[in-house]
Amino acid sequence: MEHFIKILSKPDNIPIAGMVLLVFFYTGWAFVMAIRNDLRIKAGKGPLELEESGLKVDVMPHLLKREFIAALVVTIILVIWSVAVNAPLEEIANPAVTPNPSKAPWYFLGLQEMLVYFDPWLAGVVFPTLIILGLMAIPYLDKNAKGNGYYTLQERPFAIFGFLFGFLILWVAMIFTGTFMRGPGWNFFSPFEPWDVHKVVPLTNVDLSELLDIDPKTPWYVREVPGFLFLLLWFTFIPYVVALVKRAFFAQLGIVRYWVTMFLFLFMLLLPVKMILRWTLNLKYLIVTPWFNI
Amino acid sequence: MRTHFAWMVTPFVLMAAVGCSEAKEVKSTETAVVAQATETPSAAPAAPAAAGHVTGKIMFSGTQPTLKKLDMAADPVCQGLHAGAVHSETVLVNANGTLKNVFVYVKKGLEGKTFPAASEKVKFDQHTCMYDPHVMGVRVGQPIEIVNSDTTLHNVHAMAKVNPEFNYGMPFEGMALPAQFDKPEIMVKVKCDVHPWMNAYIGVVEHPHFAVTGDDGSFDLGELAPGEYVIEAWHEYYAAQTQTITVPAAGEVVFTFAHTEGGA
Amino acid sequence: MSRAFGWIGIVLFLVTLWGFWTEYNREWKGYQRGFRRLLAERTQKELQEARDRLSGPELEKARAALEQAVTIKKENQEDYDEGVKERKAARHIFFKEDRKRQFIKSRLDAALYRYEHEVKSGRAGEFEKGAVEELKRELSEQEERAAGLEKIKDQAEARVEHYDSPVDAAQADIGRLEADVRRLEKKLRQTQAQALVFPRGLEIKQFNLEELGRVDRCMTCHMGADQPGLEDAPPPFATHPQFKTLLASHPPEKFGCTSCHGGQGWATTREAAHGRVEFWHEPLLDGKFIETRCLQCHSGVTQLEGAPVVMKGRQLFEQYGCWGCHQIEGFKPLEEHRVGPKLVSLGSKTSQKWLEAWIRDPKTVRPKTRMPAFRFAEGEVEAISAYLASLRDDTIGPGYAAAEKELGHLSQYLAEGQELVGKLNCAGCHKVGAEGDVYAPELTLIGDKTRPEWIYQWLKDPKKLQPHTHMPDFRLTDREAFVITEYLASLKGQGVRAGLQGGVQQGGGEPQETLIARGKELIASKGCMACHEVEGIEQKLIIPPLTGLADKHIHELEFGYTRPEEVPRTVYDWVRHKINKPGVFDTERIFANMPTFNLDDSEVEALLTYLMTLTEHGLPESSRSPLTERERAIELGRQIVREHNCTACHKIEGVGSDVAPDLAGEGKKVRQDWLFHFLKEPRTLRPWLDARMPNFGFDDKEVTGLVAYFAALDGEPYPYESFETPAPTEEGLEAGKQLFEMFKCLACHVAGEVPEGVPTENLAPDLTQVKHRLKPEWVKAWLEDPQKIQPGTRMPTNWPYIMGRYYVPPPAKDILGGDVALQIQAVRDYLMVFEGVEEEPEPLPEPAVVPAEGEATQAEPVQEPVFETQ
């Protein structure tokens with residue numbers, strides 16, 4: 001328990017804990033608001049925001065006062081924080097000695113976690129690029145006109161699910177794991193387990209081709225065929241099946257948008273799938289080529 | 001722990017107190033506490049001395065121990081100066097059973113008193129390759145004249161610990177050198193480096209109340225003001241003895257030495 | 001809303017005040033305020049003491065004098081006032097007339113010039129002369145007048161002074177007596193001003209040491225460290241301990257504080273500054289561990305005042321041969337051969353049984369040995385002993401056999417041998433029984449171990465059996481060596497006595513050859529070669545170097561199965577326990593080859609302190625303390641002396657025994673070339689001493705090192721000596737010879753041959769050697785006052801200096817005019833050419849004749865010798 005408190009009370013971890021709490025709070029708040037709207041919509045009334053949009057008040061004093069109070073509160077917090085909490089300096093920088101564990105800043109901890117399961121080209125270049133491109137593409141992919149300007153769940157299930165999955169699980173949860181559960185050597189430690197530098201864990205892994213007993217001497221384009229097959233099916237077969245089931249969704253988007261959306265979504269899903277494959281089958285890579293691995 | 005120590009010490013303190021309080025008794029306080037083999041015979045006071053004037057004698061119990069013969073072969077001159085055999089002067093018992101060459105002085109009781117300076121010159125002679133006197137007492141600052149009455153080379157090496165040590169060569173007959181000691185010291189051993197059997201002892205005290213016993217073994221410490229004093233009798237071979245007396249005293253102060261191996 | 005705003009505003013205000021408060025209340029500011037208060041209190045106390053001292057009789061007297069003077073002045077106020085007026089007038093008139101005089105004088109000077117000018121131009125200058133005469137007259141008149149007025153002025157002044165000067169004098173006296181108090185009052189005002197509740201000028205005090213890459217702010221709190229008067233102040237204000245030795249020679253402006261003490265110099269809170277926090281790898285060093293820093297700069301010496309523990313540790317490291325296994329970059333022992341004896345001819349020296357007992361646990365055989373105990377598996381000890389016992393040397397027997405044949409075995413030899421052992425001071429290095437040193441192996445039970453043939457051979461020539469041994473050659477005769485051997489061979493106990501004659505024993509079970517082969521393998525792999533040289537075997541063991549041991553991170557150390565209470569998790573404790581018991585951290589996978597040395601606690605601590613100096617982050621070269629030539633010579637000399645244990649017999653630099661002469665002042669005394677040859681090939685200089693100087697078999701480097709050492713100790717130039725070359729005249733030499741004979745030097749001193757049949761205790765060194773051996777200046781100094789050079793020496797002063805003057809003996813008063821300095825020089829010059837006595841020495845004077853009645857042959861009659869009737 002002391003160990004958990006020790007990590008939690010480190011000055012640069014306090015904001016992360018705070019962030020987690022805030023995330024939970026706001027997610028909950030959003031849900032509450034969304035459910036309220038959904039009930040209203042079901043009952044035939046419009047969303048609350050529509051109703052409220054008619055009311056107007058003056059900026060001064062109503063907005064400014066609130067803003068000013070917020071500023072004061074922030075100032076108070078900053079003053080107390082700067083006096084009471086010291087900057088979390090560690091050892092004197094020594095280029096010959098790497099700290100253990102060596103962690104990225106919190107906003108990159110998700111990517112650092114991904115590095116466990118994916119090869120650096122994928123985790124460090126492909127995925128971040130796709131995230132950015134994907135985020136940029138959303139306005140062009142999102143054909144659902146409903147839910148504009150008001151909270152709702154039932155009118156935008158896919159978008160909300162996609163976002164929550166991508167944000168809460170693939171981002172916040174990874175940050176939480178990276179901060180609290182990863183210790184020296186990037187070994188997994190439960191929050192209450194002290195960080196032992198000498199912990200030894202069996203981390204043997206196999207590739208898909210080895211798992212299927214394919215002779216390692218065969219050239220890679222032959223050897224990795226099962227992996228290629230898997231990916232092909234993953235990116236073509238699953239969208240096809242989903243399209244058959246959710247015809248309305250497919251019709252709304254059109255084939256190009258639909259496939260791009262599914263591609264992005266499935267790529268996102270590849271991460272937990274890979275994780276599960278690693279934990280269960282000790283699978284390292286689906287595909288091993290001389291230039292990158294997946 | 002502390003109380004334990006106090007209980008251990010008390011009997012000795014009582015004994016010492018009893019010993020000190022009786023001035024007449026000859027039992028020496030120091031020898032009572034230190035376990036040595038000296039005898040402590042009963043007192044035999046002679047005719048009472050004058051009040052304030054302290055005299056006494058040094059008795060020796062037992063016979064004169066046989067003394068070593070001195071080998072003067074290294075210097076034919078010395079050998080030629082003596083007709084027969086020469087013995088060492090370490091322990092000299094007089095015919096009347098007293099001990100010679102004991103230096104007696106007042107050890108405690110004269111603190112803070114001043115005495116007139118001593119100006120009388122004392123002679124310290126080397127003749128027939130022996131020092132004369134063998135035991136001598138001088139006062140602080142008293143001039144000493146060291147004389148070489150022999151034709152052979154002597155040197156006077158005073159191995160003083162408190163005073164500065166000196167070593168003067170005296171190759172000529174009739175040479176005289178002055179010396180003086182500026183600090184009290186009991187006793188300064190003087191030896192000759194050319195003739196190893198030659199030695200003498202000089203006691204330096206601040207006051208004039210000292211004496212060296214001669215052939216009759218008696219000493220006279222002069223007039224002392226009333227009070228309590230500690231007298232010490234020093235001998236070159238036997239351990240020194242002390243006594244505490246009160247002045248005016250009735251009777252003589254007597255010390256007794258007995259022979260033990262090693263001089264303890 | 002407004003209420004919330006109001007409350008939040010108040011909270012912000014309070015929080016801001018709180019911010020200011022924390023700034024006022026910084027930890028270091030508290031210390032500084034405390035220090036200022038301390039100074040104010042102390043000044044207050046000092047002032048009180050000064051005031052107390054002041055109320056003494058002197059002050060009363062001065063005050064009374066002042067009062068009296070003032071009263072007198074007041075009583076005679078009229079007179080005084082008049083006097084003042086008079087003085088003013090007198091001064092005025094005098095100055096005026098004096099000025100007039102000056103004007104006249106200058107006119108006279110001008111007139112003189114004009115006259116001279118006229119005369120020089122060849123004219124008579126009558127007119128000018130007249131003017132000169134006139135002015136001279138005027139001047140003398142005016143001078144008279146002025147003189148008279150001056151007298152009047154003086155009188156007037158005196159009249160006033162009569163009242164004023166006692167007042168001034170008394171005031172000056174009081175001022176002088178009160179000077180202390182005044183000074184302290186001023187100081188008190190200053191210190192109190194500094195100790196206010198809101199004082200000015202509290203600031204961080206730092207030393208920015210760019211060369212060392214450190215910034216030290218320690219003196220922000222430790223403000224009294226560089227002020228000598230505060231030894232009894234409470235910490236952190238106390239003066240630095242050992243101020244003169246440590247701080248004065250290492251001023252904080254140049255060295256900072258953390259270079260010696262460790263800690264986090266630029267921190268401003270106590271906890272952080274003392275460095276005992278997470279992430280700071282240089283915590284404050286405690287107690288003896290501060291000494292580890294001394295070695296960073298003073299790395300060239302093995303003896304340092306103020307750092308005894310770390311130097312002892314370094315010595316132990318060298319002595320115990322740790323460097324044979326564990327390399328340290330930059331560490332070089334004085335002698336580079338291994339610390340243990342060469343394992344050769346052991347079969348001819350001792351028995352296999354003894355070897356087994358020894359190898360199994362050396363300390364049970366010899367408690368003070370440096371050989372450690374290895375951890376052996378079953379049968380390993382027997383194998384190693386079998387191999388070692390198979391090494392023979394057949395040249396060892398014959399010498400002893402010949403001596404035995406000639407001398408036989410008589411019981412008197414034991415006593416003779418024991419006496420000789422005492423005389424030669426073997427106990428200076430070896431322990432025999434209860435007495436003796438542990439520098440060399442203990443000989444108490446040597447009879448159990450070593451064959452007499454070997455002992456005999458060893459005594460006669462140690463270097464033949466062990467080329468690097470420190471045991472010297474005592475130049476023993478055959479008989480002497482034999483009796484010592486007899487005595488030593490008789491020193492037996494129980495235990496391993498049996499089997500000494502047996503030779504190589506059969507080990508149980510295994511045939512001899514396999515045992516021997518196995519033994520050879522084990523020797524290679526166990527690490528014996530780190531200390532012992534064994535012919536034909538190469539070491540096959542990899543051992544970690546110790547460079548940078550102190551930098552090791554705690555995570556790099558394996559603590560085995562030990563618990564934190566047994567072995568705290570610090571680098572220091574790991575090393576400490578490792579030295580103490582190397583196997584303590586063994587686990588299933590890790591086995592330490594290091595043997596156990598069984599050191600006592602103080603040795604472990606010393607060694608630990610030394611090992612903690614091994615860091616890669618030393619201080620830069622520029623702060624190192626370079627050694628001068630002289631210091632280096634002294635350092636090397638000390639190492640050689642320690643290595644060969646010279647102090648077993650000699651006193652060197654005040655330490656040692658007095659079996660042999662005290663070598664203080666040797667550099668000033670003997671010639672360097674003579675010393676060189678003497679050390680290479682010692683001869684007996686003083687036959688009356690029991691001990692004799694043995695031949696150590698020094699190599700050239702060691703001998704020159706020693707000669708340079710003695711020269712450096714006395715500040716003599718090395719290696720080029722220059723002597724004041726005596727250039728005596730005929731008369732000078734003749735005078736010297738006369739004095740030499742007069743002073744009867746040969747009564748004690750030997751001249752060439754030691755005379756037969758004379759007891760040797762009386763003799764003094766051979767004077768024919770003076771010109772070869774002694775430096776001329778030293779001989780002069782010696783002749784003048786031997787007691788000063790060697791207190792307690794038997795050599796007397798022939799020119800005693802008593803109570804302010806020299807005493808020249810009467811017959812010598814005529815030689816060289818009785819001048820003591822010339823006489824000393826003459827004797828010295830004579831000694832420098834003294835070859836010995838060619839003819840029969842002058843017969844010593846006739847024995848003294850007792851004068852007959854009335855005959856006066858001497859000033860004082862010789863007395864009859866007086867005997868006691870015994």
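Which residue just after H11(A) takes a positive phi? The residue is A:Asn282, with a phi of about 55°. This is a predicted model, in which local features need pLDDT of at least 70 and side-chain atom pairs count only at pLDDT 80 or more, while totals for chains, interfaces and linings use all residues. Residues are numbered from 1 along each chain as its sequence is written, and chains are lettered from A and ligands numbered from 1 in the order in which they are written.

Helix H11 of chain A covers residues 247–281, where helices are DSSP runs of H or I with at least four residues, strands are runs of E with at least two, and both are numbered from the N terminus. Between its end C-alpha atoms H11(A) spans only 35 Å, whereas a straight helix of 35 residues would span 51 Å, the expected span being 1.5 Å times one less than the number of residues. At A:Gly254 the helix bends by about 110°, an angle between axes fitted to the seven residues ending there and the seven starting there.

In chain B, strand E10 (residues 185–191) runs antiparallel to strand E7 (residues 154–159), joined by 3 bridges, and B:His157 has B:Lys191 as its bridge partner in E10(B). E10(B) is also joined by 5 bridges to the antiparallel strand E11 (residues 199–205), where B:Ile202 stands opposite B:Val188; strands pair if DSSP finds at least two bridges between them.

Chain C is divided into domain 1 (43–194), domain 2 (346–530), domain 3 (627–721) and domain 4 (723–837), with bounds from an automatic or database domain assignment.
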